[in-house]
Amino acid sequence: MKPPVPEAKDSPTGADGLPSPPQETAAPLHAAAPNGPPEPRGSVVDLLTDLVLFALFYGGLVIAFTELGRRLGVYPAVWPTNALAVGVYFLMFRDAVGRLATVVALVSMVVHLSMQGQDIGSALATGCANALTFALVGWGCVRAGMERGALRSVPMVVSLGVVAVAGTLPGAIITAFVEFLETNGTFGPLLLRWWIPEMASVLLLLPPFLLWHGRAEDEGLRGSEGNRPKFSREEELAFASLTLAATLAASAYYGESLLRDLGGAILLWFAFRLGLFATAVASSAYALAVLGLGMAQVWPQPVSPPQASADLVVTMLRLQARLVLVMLPALLIAAIMAQRSRQQREVQEDRRRLAYALEGANDGIWDWHLPSDAAFFSARAHRMLGLEPDHVTTRLSDYSQMVHPEDLPAVAKSLKDHAEGRHLLFQAEMRARHRNGSWLWVLVRGKIVERDPAGRPTRAVGTVTDISQRKHLEAALEHAASHDPLTGLSNRAGFDRALEQARRRLVRDGALFAVVLIDIDYFKSVNDQHGHMAGDLLLTTAARRLQSAIRAGDLVARYGGDEFAIIAAGKSREEFAAMADRLHKHLSRPVEVEGLVLPASFSLGMAVADDRTLDAAALIAEADTALYAAKDAGRGTWRAVGIAPRNAEDVAHETPRRQMLPRSGLRSDSRPPE
């Protein structure tokens, strides 16, 4: 039955007092999760139904195996009832072990009282013994975690052995003691007679039930192999099963116990190749077949009464003990192989995850053994450098030849700082030569992971990342921030930085320099008459001419709308005067394009930094004043500040400092119109 559905009045309400939206209907509590054990039943009716079904099932097992054992003369030497009950409990029922143990006790008592003719005391003892065995075995498996299909490890198989030995012993003691009182026999043989069948049945029959829910995940060693097997799993399983059956048939035909024991070797085939669940099922099926042939007296040869029954019981006890010894190694090896296969799959999955992560992060891996200089670079790192993925280079010094010489000192310093403990990680950006001869930027990060007893580093591992795209983007952003987009020259910010650097060189080394401000005359008239395209053409032409006229190490920048600025180094004021004259003549040539001739008139103002206390703002103010003087002189000429006249002609180009107006680097609004 399904759990009762609550009425609408019991539904929760929201903050506004209205009923909350209906939730998704939960699955019944007794529904089994995929590949997992069934959940406990929810309602009382379902619980009672489970108990009744389990009682009928257990009662049928008791009646069947008791009658079969008595007729064949092997009772109680073969007693799989409790092991099968525990297996079905884990497979189908999830009620408490104690509740079902009570059912076991009651059913066992009723059957032995009504059908076996036992007295109340014997029936009560038998019921208690069966219930105790059922409870201890079930509780032991639950405590060890085996009921969740987690038998695929050596500790779990060992735990099953402990549960089989210890969980069945108390019940066997009770039953053997009752029989000892009734028959006045020997307690030791009676105990073995009851304990060995219970213990053997748990080891021989319970593993398939415990492994049932995890059977889909059990692929055995074949699931972890890298190469494709010659035969499919189904073909190999069928062939192994037929071989096991043929061995059993041959041993039954010839009556040779050696052939029967050969089945243990075939079970190892299952253990090594086909997984723990297949091994458990094959072992249980083989054990049932051997026990069936034993009860049918296929081996040993039948003996005449009255010793036939006693000998058969002893034979079955020995046979079950022998089957346990044959099956346990197969289960242990299968558990080892399952654990190994699972670990291999986990390692392979970790490798795939790491490879995907590194591929997504554009990272390669390197591993360096410092004493021998042996180095390993992953395939991704090789592809980064344009090398083949299987490129063989075993020494780091071979890779260091690919590093740009200018970057080697910084890389060595970073590694030294990390090795000496000043930095937690080694990290360096450097240029590496690609196979095609180009340079790419890489970020190398790593950590020393091993040291010798003296504390010297012996092994370092890390990653290498291609950061060329980031570097190119940074360079593009830096260029855009410091250059004019129309002319490609440095902008005002780039000029200010270069001016400060030149001023520091002057203070430090006494290196003279000059600042030249250049203004296009009548630029507004060119824009008004010919359009802004003509004005842009004039600006770009002036920029090209200035770049071609300056020397290496000098800087030309677009200082404003139609104004340029130059920072030029020199050794004398005469050299600066010659430079200004050369610049003016080079700029003053007309600009011709597509039949249009634009007049090119430029005014230049220059100031030479000759005082170590002169700051940048004052120097620009002086050059600006000289530019005003050139404008006042009629444009199309140049003026300089701080340069002594060389002859009578040069006097016209000098603007004495005492005649300059103090401007503090700011333009006056009284500049002559263009």
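In which strand is the place of Val-449? In this predicted model, Val-449 lies in strand 4, which covers residues 439–451. Its relative accessibility is 45%. Val-449 therefore counts as partly exposed, because that class lies between the buried limit of 20% and the exposed limit of 50%. Leaving out residues up to four places away in sequence, Val-449 touches Arg-459, Ala-460 and Val-461. Gly-462 is 13 residues from Val-449 in sequence, and the C-alpha atoms of Val-449 and Gly-462 are 9.8 Å apart in space.

Asp-484 sits in the loop between helix 14 (468–482) and helix 15 (492–509). Is Asp-484 buried or exposed? Asp-484 has a relative accessible area of 13% and is therefore buried, since the limit for that class is under 20%. Apart from neighbours within four places in sequence, the contacts of Asp-484 are Leu-489, Ser-490, Asn-491 and Arg-558.

Two further loop residues have a positive phi without being glycine. One of them is Asp-373, with phi of about 65°, in the loop that runs between strand 1 (363–369) and strand 2 (374–377). Asp-373 is buried, its relative accessible area being 15%. The other is Arg-635, where phi is near 70°. Arg-635 belongs to the loop between helix 19 (616–632) and strand 12 (638–641), and is buried at a relative accessible area of 16%.

The accessibility values of these residues are listed below.

| Residue | Relative accessible area | Class |
|---|---|---|
| Val-449 | 45% | partly exposed |
| Asp-484 | 13% | buried |
| Asp-373 | 15% | buried |
| Arg-635 | 16% | buried |

The peptide bond that joins Tyr-75 and Pro-76 is cis, with omega about 0°.

The next topic is a helix pair. Two packed helices are described by the angle and the distance between their axes. Helix 2 (residues 81–92) and helix 6 (residues 187–211) have axes that come within 8 Å and cross at roughly 20°. Why do helix 2 and helix 6 count as roughly parallel to each other? The crossing angle of roughly 20° falls under 35 degrees, so the two helices are classed as roughly parallel. Their crossing is right-handed. On the side of helix 2, the contact is made by Asn-82, Ala-83, Leu-84, Val-86, Gly-87, Val-88, Phe-90 and Leu-91. Helix 6 contributes Glu-198, Ser-201, Val-202, Leu-205, Leu-206, Phe-209 and Leu-210. By residue class, the contact of helix 2 with helix 6 comprises 11 nonpolar, 3 polar and 1 charged.

Turning to the whole chain, how many helices and strands make up its secondary structure? There are 19 helices and 13 strands. The protein chain has 674 residues, and 44% of them count as buried. Its accessible surface comes to about 35100 Å², with 61% of that area belonging to carbon and sulfur atoms. Among contacts between residues at least 6 apart in sequence, 64% join residues at least 24 apart.

Methods
Residues are numbered from 1 along each chain as its sequence is written. This is a predicted model: local features need pLDDT of at least 70, side-chain atom pairs count only at pLDDT 80 or more; totals for chains, interfaces and linings use all residues. Side-chain values use heavy atoms; hydrogens and water are left out. Helices (H or I, at least four residues) and strands (E, at least two) are DSSP runs, numbered from the N terminus. Buried means under 20% relative accessible area, exposed over 50%, partly exposed in between (1.4 Å probe, protein chains only). Contact means heavy atoms within 4.5 Å. Accessible areas come from the Shrake-Rupley method with a 1.4 Å probe; for residues, only the protein chains shown count as cover. Axes are lines fitted to C-alpha atoms, for helices over the stretch in contact, and angles run from 0 to 180 degrees between N-to-C directions. Angles under 35 degrees count as roughly parallel, over 145 as roughly antiparallel, 65 to 115 as roughly perpendicular and the rest as oblique. A crossing is left-handed if the near helix is turned anticlockwise from the far one by less than a right angle, and right-handed if clockwise. Ala, Val, Leu, Ile, Met, Phe, Trp, Tyr, Cys and Pro count as nonpolar, Asp, Glu, Lys and Arg as charged, and the others, Gly among them, as polar.
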